[in-house]
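Reader: I'd like to learn how to read a few features of a model. Can we go through them one at a time?

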Amino acid sequence: MATHKTRMLIIGSGPAGLSAAIYGARAGMEPIVVQGLQPGGQLTITTDVENYPGFRDVIQGPWLMQEMEAQAVHVGTRMMWDTIVEVALSSGSPFRAFGDGGDIYEGDTLVIATGAQAKWLGVGGEQELGGKGVSACATCDGFFYRGKKVVVIGGGNTAVEEALYLTNHSPDVTVIHRRDSFRAEKILQDRLFAHPAVKVVWNSQVDHFVGDPASGGLTGVAVSDTVTGEKSVIPADGAFVAIGHAPATELFNGKLELDANGYIVVEPGTPKTAIPGVFACGDVMDHTYRQAVTAAGTGCMAALDAERFFATLEFSRVKEAAGV
Ligand SMILES: Cc1cc2nc3c(=O)[nH]c(=O)nc-3n(C[C@H](O)[C@H](O)[C@H](O)COP(=O)(O)OP(=O)(O)OC[C@H]3O[C@@H](n4cnc5c(N)ncnc54)[C@H](O)[C@@H]3O)c2cc1C
């Protein structure tokens with residue numbers, strides 16, 4: 001058991017945490033990144049990434065994250081194989097975080113970059129066909145289904161937005177919903193119902209995904225009618241599970257303000273939480289954009305604000321030591 005002290009403690013090693021680390025290290029903050037159970041974050045569970053700026057050719061998500069980590073380490077970041085199980089924020093800076101194995105991390109500033117996880121249906125074929133036809137992000141993967149037949153599963157705002165987004169690429173978008181009406185905002189529903197490329201299959205529950213990961217991937221989605229019990233397979237080249245996301249904020253429950261969906265609330269347009277010196281970036285505070293590039297952007301903002309906070313803190317410490 002050891003205590004690790006730093007000017008900038010970062011929880012999470014996805015694009016947000018590692019971008020914060022790169023900026024923090026280059027500002028002399030000697031950051032520590034605690035990586036958590038998914039080193040590299042969500043992009044490590046995908047394959048092709050075609051929308052991260054700077055790469056003309058398709059790159060692989062895990063490779064991109066290895067490069068980000070290598071860059072963060074190269075400029076002076078310390079990476080820790082640990083998971084934070086508790087934080088102490090109420091007495092202000094320095095903030096303390098407690099690792100799974102008993103280590104303590106103490107940061108003059110704290111950057112929270114714990115991300116979010118897409119919610120999955122948990123049915124057969126979903127995992128096996130993940131990245132081979134089954135996805136949870138139309139903005140990320142919709143482009144790969146240009147001119148093809150796709151389905152979206154869900155009935156809230158996310159599902160309707162994903163379906164509308166997919167009409168940019170696909171002439172044949174089917175929304176599968178287990179009820180007979182959507183929860184999505186009316187204005188979104190109106191746009192969806194008016195779109196000629198979209199049809200809705202109501203009262204249908206997904207039983208499993210159909211296809212072979214080794215030969216061509218997804219071919220369809222097996223559903224049961226929740227009223228009649230009738231079973232059928234809806235042919236599809238791509239299936240987008242859009243039943244929401246779960247931000248990783250259990251640690252901060254009762255310690256920071258969370259919104260109704262569990263995302264950390266920040267001052268609009270900034271990564272600042274209500275506690276001076278504590279910043280949140282990436283998917284853990286952003287339920288709207290949820291992209292690697294936006295996570296990296298807010299990670300940069302968090303590091304810049306953390307550095308400014310630290311500079312003010314240092315100045316008051318120097319004044320106090322000098323008795324001014
Ligand atoms: C299948 C899939 C494909 C995607 N494709 C694309 C794409 O093509 N382009 C794109 O721009 N975006 C894509 N995204 C979205 C993108 O991955 C996310 O927007 C981005 O990863 C968010 O970054 P983040 O750093 O905020 O969080 P995450 O990537 O979620 O990282 C969170 C980090 O926090 C750590 N953590 C969590 N809890 C703790 C804890 N208690 N202690 C320590 N560490 C903790 C985790 O281990 C992880 O390292 C995709 C997402 C998925 C799921």
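Author: Helices (H or I, at least four residues) and strands (E, at least two) are DSSP runs, numbered from the N terminus. Here I153 has I176, in β12, as its bridge partner. Before going on, note that this is a predicted model, where local features need pLDDT of at least 70, side-chain atom pairs count only at pLDDT 80 or more, and totals for chains, interfaces and linings use all residues. Residues are numbered from 1 along each chain as its sequence is written, and side-chain values use heavy atoms, leaving out hydrogens and water.

Reader: How many bridges join β11 to β12?

Author: Five, between residues 149-153 and residues 172-176, and the two strands run parallel. They belong to an open sheet of five strands with parallel pairing, ordered β10-β17-β11-β12-β13. β10 (134-135) and β13 (198-201) each have a single partner strand, so one side of each lacks a neighbour in the sheet.

Reader: On to the ligand. Which residues are closest to it?

Author: A residue is near a molecule if one of its heavy atoms lies within 4 Å of it. The ligand has 31 residues around it, and Q35, Q38, Q42, D283 and A292 are the closest. Both α1 (15-26) and α6 (292-321) supply at least two residues of that shell.

Reader: And which polar atoms lie by the ligand's oxygen atoms?

Author: A polar contact is a pair of N or O atoms within 3.5 Å; within protein, one must be able to donate a hydrogen and the other to accept it, and residues adjacent in sequence count only if both atoms are side-chain atoms. The side chain of Q42 has an N or O atom 2.8 Å from a ligand oxygen. D283 uses a backbone N or O atom, also at 2.8 Å from an oxygen of the ligand, while Q291 has a polar side-chain atom 3.1 Å from a ligand oxygen. Taken alone, the ligand exposes 1,000 Å², and the protein buries 93% of that. Those areas come from the Shrake-Rupley method with a 1.4 Å probe; for residues, only the protein chains shown count as cover.

Reader: What about disulfides: how many are there?

Author: A disulfide is a covalent bond between the sulfur atoms of two cysteines. The cut-off is a pair of cysteine sulfur atoms within 2.5 Å. Searching the whole structure turns up one, joining C137 to C140 with an S to S distance of 2.1 Å. The torsion about that S-S bond is about 70°, so the C137 and C140 disulfide is right-handed.

Reader: Is C137 buried or exposed?

Author: Buried means under 20% relative accessible area, exposed over 50%, partly exposed in between (1.4 Å probe, protein chains only). C137 is buried at 17%, whereas C140 is partly exposed at 26%. As for C281, its sulfur is 9.9 Å from the closest cysteine sulfur, in C300, too far for a bond.

Definitions and conventions
Two strands pair if DSSP finds at least two bridges between them.
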